[in-house]
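Keep the structure open as you read.

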Amino acid sequence: MHSLSQLKEYLPFLIPLFLIQLGLMIAALVHIFRHKNYRIGNRVLWVILAVALNTIGPVLYFTIGRGED
Amino acid sequence: MVIFMRGFLAFTKKEFLEQLRTYKWLIFLAVFFLFGLMSPLLAKLTPDILSSMDMGGIQLNLPEPTVMDAYSQYFKNMTQMGVVVVLLVFGSILSNELIKGTLVNILAKGMSRTAVLLSKYTAAVILWSAGFLLSAATNYGYTVYLFKNASVPNLMFSMFCLWLFGCFIIALILLSSVAAAGSFGGLILSAVTLIILLMVNIFPKAEKFNPVTLVSKNTALLNGTNKAGDLYLTVAMTTTLIAVCIITAVLLFKKKQI
(Lines give C-alpha, C1' and ligand atoms only; values in the text may rest on other atoms or scores of the structure.)
Protein backbone atom coordinates (compact mmCIF):
# COMPACT_ATOMS: atom_id res chain seq x y z
CA MET A 1 0.00 0.00 0.00
CA HIS A 2 2.81 2.40 0.78
CA SER A 3 4.53 2.33 -2.54
CA LEU A 4 6.79 5.08 -3.73
CA SER A 5 4.26 6.45 -6.20
CA GLN A 6 1.70 6.80 -3.41
CA LEU A 7 4.21 8.67 -1.32
CA LYS A 8 4.76 10.98 -4.26
CA GLU A 9 1.03 11.64 -4.50
CA TYR A 10 0.99 12.78 -0.89
CA LEU A 11 4.09 14.95 -1.03
CA PRO A 12 2.01 18.13 -1.57
CA PHE A 13 0.51 17.33 1.84
CA LEU A 14 3.55 16.11 3.68
CA ILE A 15 5.89 18.98 2.82
CA PRO A 16 3.65 21.87 4.04
CA LEU A 17 2.58 19.78 7.02
CA PHE A 18 6.18 19.17 8.01
CA LEU A 19 7.23 22.78 7.41
CA ILE A 20 4.39 24.27 9.45
CA GLN A 21 4.88 21.90 12.36
CA LEU A 22 8.61 22.56 12.31
CA GLY A 23 8.03 26.32 12.06
CA LEU A 24 5.62 26.35 14.99
CA MET A 25 8.00 24.26 17.07
CA ILE A 26 10.97 26.53 16.35
CA ALA A 27 8.93 29.69 17.01
CA ALA A 28 7.78 28.26 20.33
CA LEU A 29 11.27 27.08 21.34
CA VAL A 30 12.83 30.44 20.48
CA HIS A 31 10.20 32.21 22.56
CA ILE A 32 10.58 29.76 25.46
CA PHE A 33 14.34 30.22 25.63
CA ARG A 34 14.17 33.99 25.33
CA HIS A 35 11.75 34.40 28.22
CA LYS A 36 11.99 33.49 31.84
CA ASN A 37 8.45 33.88 33.04
CA TYR A 38 5.51 31.72 32.05
CA ARG A 39 1.89 32.12 33.02
CA ILE A 40 1.62 28.40 33.72
CA GLY A 41 4.35 25.78 34.05
CA ASN A 42 8.11 26.10 33.67
CA ARG A 43 10.73 25.95 30.94
CA VAL A 44 11.33 22.21 31.05
CA LEU A 45 7.62 21.45 30.75
CA TRP A 46 7.12 23.76 27.76
CA VAL A 47 10.21 22.54 25.93
CA ILE A 48 8.99 18.96 26.28
CA LEU A 49 5.45 19.86 25.21
CA ALA A 50 6.58 21.97 22.25
CA VAL A 51 8.83 19.22 20.94
CA ALA A 52 6.73 16.17 21.77
CA LEU A 53 3.24 17.36 20.87
CA ASN A 54 3.42 18.71 17.37
CA THR A 55 1.12 21.67 16.61
CA ILE A 56 -0.81 21.30 19.87
CA GLY A 57 2.25 21.90 22.06
CA PRO A 58 3.29 25.22 20.46
CA VAL A 59 -0.35 26.39 20.24
CA LEU A 60 -0.89 25.68 23.93
CA TYR A 61 2.37 27.43 24.76
CA PHE A 62 1.46 30.60 22.87
CA THR A 63 -2.14 30.70 24.14
CA ILE A 64 -1.77 29.58 27.76
CA GLY A 65 1.89 29.29 28.69
CA ARG A 66 3.43 32.45 27.25
CA GLY A 67 4.22 35.01 29.93
CA GLU A 68 4.22 38.76 29.50
CA ASP A 69 7.25 40.41 27.91
CA MET B 1 -18.12 61.41 15.55
CA VAL B 2 -14.75 62.33 14.01
CA ILE B 3 -13.06 61.90 17.36
CA PHE B 4 -14.81 58.58 17.81
CA MET B 5 -13.65 57.35 14.40
CA ARG B 6 -10.10 58.50 15.03
CA GLY B 7 -10.05 56.68 18.36
CA PHE B 8 -11.61 53.62 16.81
CA LEU B 9 -9.03 53.46 14.02
CA ALA B 10 -6.11 54.08 16.35
CA PHE B 11 -7.26 51.41 18.76
CA THR B 12 -7.95 48.92 15.96
CA LYS B 13 -4.40 49.46 14.73
CA LYS B 14 -3.11 48.88 18.25
CA GLU B 15 -5.14 45.66 18.40
CA PHE B 16 -3.55 44.43 15.15
CA LEU B 17 -0.06 45.11 16.45
CA GLU B 18 -0.96 43.32 19.65
CA GLN B 19 -2.28 40.33 17.70
CA LEU B 20 1.00 40.14 15.79
CA ARG B 21 3.10 40.60 18.89
CA THR B 22 1.28 37.90 20.84
CA TYR B 23 1.68 35.39 18.00
CA LYS B 24 -2.09 35.21 17.39
CA TRP B 25 -1.64 35.55 13.64
CA LEU B 26 1.00 32.84 13.56
CA ILE B 27 -1.11 30.38 15.54
CA PHE B 28 -4.33 31.18 13.78
CA LEU B 29 -3.04 30.97 10.22
CA ALA B 30 -0.92 27.88 10.90
CA VAL B 31 -3.68 25.96 12.64
CA PHE B 32 -6.40 26.84 10.15
CA PHE B 33 -4.14 26.02 7.23
CA LEU B 34 -3.53 22.63 8.83
CA PHE B 35 -7.29 22.06 9.22
CA GLY B 36 -7.75 22.76 5.53
CA LEU B 37 -4.91 20.42 4.65
CA MET B 38 -5.61 17.57 7.06
CA SER B 39 -9.33 17.18 6.46
CA PRO B 40 -9.31 15.92 2.85
CA LEU B 41 -6.19 13.87 3.60
CA LEU B 42 -7.83 12.17 6.59
CA ALA B 43 -10.98 11.47 4.61
CA LYS B 44 -8.91 9.92 1.82
CA LEU B 45 -6.72 7.81 4.07
CA THR B 46 -9.27 6.60 6.63
CA PRO B 47 -10.15 3.37 4.76
CA ASP B 48 -6.45 2.58 4.29
CA ILE B 49 -5.71 3.22 7.94
CA LEU B 50 -8.62 1.07 9.09
CA SER B 51 -7.81 -1.79 6.75
CA SER B 52 -4.17 -1.78 7.80
CA MET B 53 -5.19 -2.35 11.40
CA ASP B 54 -5.64 -5.86 12.64
CA MET B 55 -9.34 -6.31 13.34
CA GLY B 56 -9.03 -9.90 14.53
CA GLY B 57 -9.81 -11.40 11.16
CA ILE B 58 -12.90 -9.31 10.50
CA GLN B 59 -12.99 -8.15 6.92
CA LEU B 60 -13.97 -4.52 6.58
CA ASN B 61 -15.54 -3.47 3.34
CA LEU B 62 -15.31 0.27 3.28
CA PRO B 63 -16.62 2.27 0.38
CA GLU B 64 -14.20 4.47 -1.52
CA PRO B 65 -14.13 7.88 0.21
CA THR B 66 -15.92 10.63 -1.65
CA VAL B 67 -15.71 14.38 -1.81
CA MET B 68 -18.57 14.48 0.73
CA ASP B 69 -16.37 12.69 3.28
CA ALA B 70 -13.67 15.30 2.74
CA TYR B 71 -16.06 18.16 3.39
CA SER B 72 -17.77 16.58 6.37
CA GLN B 73 -14.34 15.90 7.85
CA TYR B 74 -13.48 19.56 7.29
CA PHE B 75 -16.65 20.85 8.92
CA LYS B 76 -16.21 18.44 11.80
CA ASN B 77 -12.67 19.69 12.43
CA MET B 78 -13.65 23.33 12.12
CA THR B 79 -16.71 23.10 14.36
CA GLN B 80 -14.93 21.13 17.07
CA MET B 81 -11.22 21.95 17.13
CA GLY B 82 -11.76 25.23 15.29
CA VAL B 83 -14.14 26.50 17.95
CA VAL B 84 -11.67 25.49 20.67
CA VAL B 85 -8.90 27.42 18.90
CA VAL B 86 -11.12 30.50 18.53
CA LEU B 87 -12.01 30.34 22.23
CA LEU B 88 -8.36 29.91 23.27
CA VAL B 89 -7.01 32.66 21.03
CA PHE B 90 -9.73 35.24 21.63
CA GLY B 91 -10.76 34.17 25.14
CA SER B 92 -8.61 36.81 26.78
CA ILE B 93 -8.95 39.73 24.35
CA LEU B 94 -10.56 41.91 26.98
CA SER B 95 -9.86 40.19 30.33
CA ASN B 96 -6.11 40.49 29.87
CA GLU B 97 -6.24 44.27 29.55
CA LEU B 98 -8.75 44.63 32.38
CA ILE B 99 -6.49 42.68 34.72
CA LYS B 100 -3.27 44.39 33.72
CA GLY B 101 -5.00 47.77 33.90
CA THR B 102 -3.63 48.88 30.54
CA LEU B 103 -6.99 50.35 29.60
CA VAL B 104 -7.10 52.83 32.48
CA ASN B 105 -4.72 55.29 30.86
CA ILE B 106 -6.28 55.12 27.43
CA LEU B 107 -9.77 55.64 28.82
CA ALA B 108 -8.59 58.49 31.04
CA LYS B 109 -7.27 60.24 27.95
CA GLY B 110 -10.78 60.37 26.61
CA MET B 111 -10.95 57.26 24.45
CA SER B 112 -14.56 56.16 24.14
CA ARG B 113 -15.36 52.84 25.74
CA THR B 114 -17.62 52.00 22.84
CA ALA B 115 -14.71 52.51 20.44
CA VAL B 116 -12.52 50.19 22.53
CA LEU B 117 -15.02 47.35 22.37
CA LEU B 118 -15.86 47.86 18.69
CA SER B 119 -12.13 47.93 17.85
CA LYS B 120 -11.57 44.69 19.68
CA TYR B 121 -14.46 43.06 17.89
CA THR B 122 -13.39 44.35 14.47
CA ALA B 123 -9.78 43.24 14.87
CA ALA B 124 -10.83 39.79 16.12
CA VAL B 125 -13.33 39.29 13.29
CA ILE B 126 -10.71 40.28 10.71
CA LEU B 127 -8.23 37.76 12.10
CA TRP B 128 -10.93 35.07 12.22
CA SER B 129 -11.93 35.87 8.62
CA ALA B 130 -8.32 35.65 7.45
CA GLY B 131 -7.83 32.28 9.13
CA PHE B 132 -11.17 31.04 7.90
CA LEU B 133 -10.54 32.09 4.28
CA LEU B 134 -7.12 30.48 4.35
CA SER B 135 -8.50 27.19 5.65
CA ALA B 136 -11.45 27.22 3.23
CA ALA B 137 -9.16 27.89 0.25
CA THR B 138 -6.64 25.26 1.36
CA ASN B 139 -9.36 22.73 1.97
CA TYR B 140 -10.93 23.39 -1.44
CA GLY B 141 -7.60 23.19 -3.23
CA TYR B 142 -6.55 19.93 -1.64
CA THR B 143 -10.00 18.40 -2.04
CA VAL B 144 -9.90 19.13 -5.76
CA TYR B 145 -6.39 17.66 -5.88
CA LEU B 146 -7.37 14.42 -4.14
CA PHE B 147 -10.92 13.90 -5.35
CA LYS B 148 -10.85 15.58 -8.77
CA ASN B 149 -14.54 16.46 -8.70
CA ALA B 150 -15.13 18.81 -5.78
CA SER B 151 -18.49 20.34 -6.59
CA VAL B 152 -21.20 19.89 -3.98
CA PRO B 153 -24.37 21.95 -3.51
CA ASN B 154 -24.54 24.78 -1.00
CA LEU B 155 -20.82 24.77 -0.30
CA MET B 156 -20.53 28.56 -0.26
CA PHE B 157 -23.58 28.97 1.94
CA SER B 158 -22.40 26.29 4.32
CA MET B 159 -19.02 28.01 4.58
CA PHE B 160 -20.77 31.32 5.20
CA CYS B 161 -22.74 29.75 8.08
CA LEU B 162 -19.49 28.53 9.62
CA TRP B 163 -17.95 32.00 9.30
CA LEU B 164 -21.01 33.66 10.83
CA PHE B 165 -20.92 31.23 13.74
CA GLY B 166 -17.30 32.25 14.37
CA CYS B 167 -18.36 35.90 14.46
CA PHE B 168 -21.08 34.94 16.94
CA ILE B 169 -18.57 33.22 19.24
CA ILE B 170 -16.33 36.30 19.22
CA ALA B 171 -19.30 38.54 20.12
CA LEU B 172 -20.17 36.08 22.88
CA ILE B 173 -16.60 36.18 24.22
CA LEU B 174 -16.72 39.98 24.25
CA LEU B 175 -19.97 40.05 26.21
CA SER B 176 -18.81 37.33 28.62
CA SER B 177 -15.53 39.14 29.24
CA VAL B 178 -17.38 42.29 30.23
CA ALA B 179 -19.85 40.37 32.38
CA ALA B 180 -17.48 37.95 34.12
CA ALA B 181 -14.44 38.76 36.20
CA GLY B 182 -10.96 37.21 36.28
CA SER B 183 -8.58 36.22 33.52
CA PHE B 184 -10.51 33.12 32.55
CA GLY B 185 -14.01 34.31 33.55
CA GLY B 186 -14.96 35.41 30.06
CA LEU B 187 -13.56 32.27 28.48
CA ILE B 188 -15.41 29.99 30.88
CA LEU B 189 -18.68 31.90 30.61
CA SER B 190 -18.66 31.77 26.80
CA ALA B 191 -17.76 28.07 26.80
CA VAL B 192 -20.61 27.35 29.21
CA THR B 193 -23.03 29.40 27.07
CA LEU B 194 -22.00 27.43 23.99
CA ILE B 195 -22.54 24.13 25.80
CA ILE B 196 -26.01 25.29 26.90
CA LEU B 197 -26.83 26.30 23.32
CA LEU B 198 -25.69 22.85 22.15
CA MET B 199 -28.00 21.19 24.66
CA VAL B 200 -30.93 23.44 23.72
CA ASN B 201 -30.65 22.05 20.19
CA ILE B 202 -32.00 18.73 21.45
CA PHE B 203 -35.45 20.32 21.18
CA PRO B 204 -36.43 20.41 17.50
CA LYS B 205 -38.53 23.52 17.98
CA ALA B 206 -35.55 25.54 19.20
CA GLU B 207 -33.37 24.49 16.27
CA LYS B 208 -34.35 27.25 13.88
CA PHE B 209 -33.54 29.97 16.42
CA ASN B 210 -30.28 28.55 17.70
CA PRO B 211 -26.94 29.75 16.24
CA VAL B 212 -25.51 26.27 16.86
CA THR B 213 -27.73 25.04 14.01
CA LEU B 214 -25.45 26.97 11.64
CA VAL B 215 -22.68 24.48 12.29
CA SER B 216 -24.73 21.34 12.89
CA LYS B 217 -26.41 21.34 9.48
CA ASN B 218 -23.30 21.59 7.28
CA THR B 219 -23.35 18.01 6.05
CA ALA B 220 -27.11 18.09 5.62
CA LEU B 221 -26.75 21.19 3.47
CA LEU B 222 -24.04 19.63 1.34
CA ASN B 223 -25.87 16.37 0.62
CA GLY B 224 -29.13 18.14 -0.02
CA THR B 225 -31.11 16.98 3.04
CA ASN B 226 -31.49 20.61 4.00
CA LYS B 227 -31.96 23.51 1.66
CA ALA B 228 -30.26 26.85 2.14
CA GLY B 229 -33.67 28.40 2.74
CA ASP B 230 -34.13 26.26 5.87
CA LEU B 231 -31.37 28.22 7.54
CA TYR B 232 -32.27 31.77 6.57
CA LEU B 233 -34.14 32.30 9.82
CA THR B 234 -31.14 30.98 11.79
CA VAL B 235 -28.82 33.32 9.90
CA ALA B 236 -31.07 36.29 10.68
CA MET B 237 -31.37 35.16 14.29
CA THR B 238 -27.60 34.81 14.68
CA THR B 239 -26.96 38.21 13.13
CA THR B 240 -29.44 39.74 15.57
CA LEU B 241 -27.81 37.92 18.47
CA ILE B 242 -24.38 39.22 17.45
CA ALA B 243 -25.77 42.77 17.50
CA VAL B 244 -27.47 42.15 20.85
CA CYS B 245 -24.26 40.74 22.34
CA ILE B 246 -22.19 43.72 21.20
CA ILE B 247 -24.75 46.33 22.30
CA THR B 248 -25.20 44.68 25.70
CA ALA B 249 -21.43 44.43 26.08
CA VAL B 250 -21.05 48.14 25.29
CA LEU B 251 -23.81 49.13 27.73
CA LEU B 252 -22.34 46.97 30.52
CA PHE B 253 -18.83 48.17 29.75
CA LYS B 254 -19.86 51.79 30.10
CA LYS B 255 -21.05 51.12 33.65
CA LYS B 256 -18.14 48.88 34.56
CA GLN B 257 -15.63 50.00 37.16
CA ILE B 258 -12.17 49.78 35.62
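Predicted model: local features only at pLDDT ≥ 70, side-chain atom pairs only at ≥ 80, totals over all residues.

Residues are numbered from 1 along each chain as its sequence is written, chains are lettered from A and ligands numbered from 1 in the order written, and side-chain values use heavy atoms, leaving out hydrogens and water.

Start with α1(A), whose 31 residues reach 42 Å from first C-alpha to last, close to the 45 Å expected at 1.5 Å a residue (that is, 1.5 Å times one less than the number of residues). Helices here are DSSP runs of H or I, at least four residues, numbered from the N terminus. At Y10(A), shortly before P12(A), α1(A) has a kink of about 55°, taken as the angle between axes fitted to the seven residues ending there and the seven starting there.

Now find I20(A) in α1(A), which covers residues 4-34. With a relative accessible area of 19%, I20(A) is buried (under 20%; exposed is over 50%, partly exposed in between, with a 1.4 Å probe and protein chains only). I20(A) touches A30(B), F33(B) and L34(B), not counting residues up to four places away in sequence; contact means heavy atoms within 4.5 Å.

For contrast, visit I196(B) in helix α8 of chain B, residues 185-200. I196(B) is partly exposed, at 45% relative accessibility.

Note on methods:
Helix = DSSP H or I, 4+ residues; strand = E, 2+ residues; numbered from the N terminus.
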